Amino acid sequence: MKTLIVYYSRSGHTAKIAQELADALEGDIEEIIDTKNRSGIIGWLRSGRDAMNQSLTLLKDPVNDPADYDLLVIGTPIWASHVSTPVRTYIHQNQEKFNQVAFFCTAGGDNFTGTFNDMGKLSGKSPVATLGVRGKEIKNGTYGSKIEEFIKALPM
Ligand SMILES: Cc1cc2nc3c(=O)[nH]c(=O)nc-3n(C[C@H](O)[C@H](O)[C@H](O)COP(=O)(O)O)c2cc1C
């Protein structure tokens, strides 16, 4: 099964999980690149506002075509209880090219359901699997079993 992992990460958590999934699944990996500066406190505030308003942003053109993949694994941090703005934009712009999808989120808290629902609605697809990882689990390295469960649920 040809698999692409696409993700956005402002501060590295989602990137770390994305890389581990790509290694385990032997898939291709692609970072979603936003042209908007989201660093520092101003970037944090802007990101929260953009997510709450469900705004779109201007992304750099993606490298890979999701239509070339059987499975697209999409990863986002949670911003203001929503999917991050760059991932919202990626899904909005590409959803017609998706085959099967799976979603993963990283967050400070443990309330992932609303974001997975958002991603499903935006994609027009139900995910074959979902994975939510908390920042503290990433810090402590205690998320391995969650990754294993997620991978088991994929149609490989
Ligand atoms: C603007 C902003 C808003 C956030 N809002 C939430 C939130 O509503 N709920 C939550 O659990 N975590 C929230 N977080 C924490 C991030 O989801 C968490 O730190 C995530 O792992 C960051 O991923 P990254 O390092 O890949 O950017 C927020 C972070 C930012 C920057």
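View 1. The model is predicted: local features need pLDDT of at least 70, side-chain atom pairs count only at pLDDT 80 or more, and totals for chains, interfaces and linings use all residues. Residues are numbered from 1 along each chain as its sequence is written. E3 pairs with strand E4 (residues 82-83) in the antiparallel sense, over two bridges. Strands (E, at least two residues) are DSSP runs, numbered from the N terminus, as are helices (H or I, at least four). Strands pair if DSSP finds at least two bridges between them. Two residues lie between the strands of this hairpin, and alanine 80 takes a positive phi near 50°.

**View 2. Parallel neighbours of E3.** Strand E1 (residues 3-7) runs parallel to E3, joined by five bridges. Valine 6 has isoleucine 74 as its bridge partner in E3. E5 also pairs with E3 in the parallel sense, over seven bridges. There, glycine 75 partners phenylalanine 104.

**View 3. E3 under cover.** Nine of the nine residues of E3 are buried (20 or more other C-beta atoms within 10 Å of a residue's own, with C-beta atoms placed from the backbone). One side carries Leu71, Val73, Gly75, Pro77 and Trp79. The other carries Leu72, Ile74, Thr76 and Ile78.

**View 4. The ligand shell.** Of the 20 residues around the ligand, Ser9, Thr14, Pro77, Ala107 and Gly109 come nearest. A shell residue has its C-beta atom, placed from the backbone, within 6 Å of the molecule. Helix H1 (13-25), helix H2 (40-52), strand E3 (71-79) and strand E5 (100-107) each supply at least two shell residues.

Technical notes:
Buried ≥ 20, exposed ≤ 12 C-beta atoms within 10 Å, placed from the backbone.
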